[in-house]
Amino acid sequence: PSRLEVHDSTDLDACAPIDLVLVAVKSYHAEDAAVQVKGLLERSPSALVLPLLNGIDTPDVFGRVLGSHRQVLAGLCGIISAVAEPGVVHHTAAHPYIVFGELSNERTARCSAVADALADGTRGMSVRWPDDIHVEVWTKLLFIAPYSGLGALTRAPCGAMLREERV
């Protein structure tokens, strides 16, 4: 099995060399994140980027900023959490997961290595490498879209809406 060593830092210069960059920001920060990741990839040309953002066009944003989709995987995650206090995040509901794959849906050695590493290093989280990552991305969008609108309108969390008969 692979071993997943995680190093986090706000100093991106201290992070190279790297094998995999997991990007987990809000979609409206995707372009800024891609610009920062570009510097890392210049020092680690074989590294991969796995954006775990909501959004259909996230891999394209990274590909455009990076100048190529060669190092970009498609992915998403499912986690319902909230910041309890600075440095403390509480997972509040549902089983967390990561789903990822090649943009071409090919079964590649590099995705196999990522799947092994994530499976070893993500205790309590499911990791899936589906046959078609694009179906997964669109399925999540179709789930999120109605709940996001209702949540914004009612200011209610997803769990409260699911318990409400009228929703």
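This short report walks through a few residues of the structure above.

The model is predicted, so local features need pLDDT of at least 70 and side-chain atom pairs count only at pLDDT 80 or more, while totals for chains, interfaces and linings use all residues. Residues are numbered from 1 along each chain as its sequence is written, and side-chain values use heavy atoms, leaving out hydrogens and water.

Let's begin with the rings. One aromatic pair is counted, where ring centres of Phe, Tyr or Trp (its six-membered ring) must lie within 6.5 Å, and planes under 30 degrees apart count as stacked, over 60 as edge-to-face and the rest as tilted. The partners are Phe-100 and Trp-129, stacked at 6.3 Å centre to centre with 15° between the planes. They join distant parts of the chain, 29 residues apart: Phe-100 sits in strand 4, Trp-129 in the loop between strand 5 (126-128) and helix 4. Helices (H or I, at least four residues) and strands (E, at least two) are DSSP runs, numbered from the N terminus. Arg-107 lies over the face of Trp-129, 3.8 Å from the ring centre; this requires NZ of Lys or CZ of Arg within 6 Å of the centre and within 35 degrees of the ring normal.

How covered are some of the residues? Buried means under 20% relative accessible area, exposed over 50%, and partly exposed in between (1.4 Å probe, protein chains only).

| Residue | Relative accessible area | Class |
|---|---|---|
| Phe-100 | 0% | buried |
| Glu-102 | 6% | buried |
| Trp-138 | 45% | partly exposed |

Glu-102 belongs to the loop between strand 4 (88-101) and helix 3 (109-121). Trp-138, in turn, is found in helix 4 (residues 133-154).
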